[in-house]
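Student: I am new to this structure. Could you take me on a close look at the place where the ligand sits, and explain the terms as you go?

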Amino acid sequence: MTLQQINVPDSIKSLPYHDRSETLIDTANEAIEAFMLADQTVIENFVTCDFHLLDQALTWIEQSHLIAGNRFCEWGAGFAVGSLLAALRGMESVGIEIEPRLVHEANELAQSLGSSSRVYCGSLVPRDVEGLEDIANEVRNVDTEEGDIYDEIGWEIDDFDLFFAFPWPGEHGFFEHIFDVRASTGALLLTYRGREGMNLVRKIS
Ligand SMILES: C[S@@+](CC[C@H](N)C(=O)[O-])C[C@H]1O[C@@H](n2cnc3c(N)ncnc32)[C@H](O)[C@@H]1O
């Protein structure tokens, strides 16, 4: 592993929300609720993170000058609220989501909010990640199919400075492995870990 743990202090929970994030989060929550009520078939792998805590974590990362550049990617984006919050901060922001119905909803939401963020439909897993097979056997809630979505986005994995993902319990190692093998040195991976809050690592070599 070439990942360095960065302690995210509990005090981030006292940080004020970004000016426009509360309206954004309220609008997103309404859209998510409407989708869930209208949807006939449940998308089992889709659950949402704590958007307010994510907003505070992004503020803390920004204020602590931890990011090396301006590109953000939400892995397994759902409604891509993380990407929207990153775009609020002027980041060049994209989401990757494998479920077409969620991609459609996320892009409608981004458009309705006038956000520059865009969600791409495909797998976050790039081709030929060394050593992925063993770790892929341990995940149940991530689609481990490989794809060429980064070609469509026009940016490679190592062009991004900050990734965000909400792994299911015990499955964060899958995301960390892809990040470790393919992200650029200096990039950050923020993951939401439920009751444990936010976890942040940097790739150091
Ligand atoms: C736990 S949800 C998180 C949604 C959103 N990031 C959030 O925090 O609110 C995980 C999402 O990852 C998507 N997903 C699973 N495997 C994927 C893959 N290989 N590529 C892209 N998205 C994937 C699922 O469809 C689901 O919407």
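Tutor: Happy to! Let us count a residue as near a molecule if one of its heavy atoms lies within 4 Å of it. Around the ligand there are 22 residues, and the closest are Glu74, Gly76, Glu97, Leu124 and Asp143. This is a predicted model, where local features need pLDDT of at least 70 and side-chain atom pairs count only at pLDDT 80 or more, while totals for chains, interfaces and linings use all residues. Residues are numbered from 1 along each chain as its sequence is written, and side-chain values use heavy atoms, with hydrogens and water left out.

Sorted by class, the shell holds 13 nonpolar, 6 polar and 3 charged residues. Here Ala, Val, Leu, Ile, Met, Phe, Trp, Tyr, Cys and Pro count as nonpolar, Asp, Glu, Lys and Arg as charged, and the others, Gly among them, as polar.

Now for some polar contacts, meaning pairs of N or O atoms within 3.5 Å. Glu97 places a polar side-chain atom 2.6 Å from an oxygen atom of the ligand. Gly76 uses its backbone instead: a polar atom there is 2.8 Å from a ligand nitrogen. At Cys49, a backbone N or O atom lies 3.2 Å from an oxygen atom of the ligand. Of the 600 Å² of accessible area that the ligand has on its own, the protein covers 96%, by the Shrake-Rupley method with a 1.4 Å probe.

Note on methods: A polar contact is a pair of N or O atoms within 3.5 Å; within protein, one must be able to donate a hydrogen and the other to accept it, and residues adjacent in sequence count only if both atoms are side-chain atoms.
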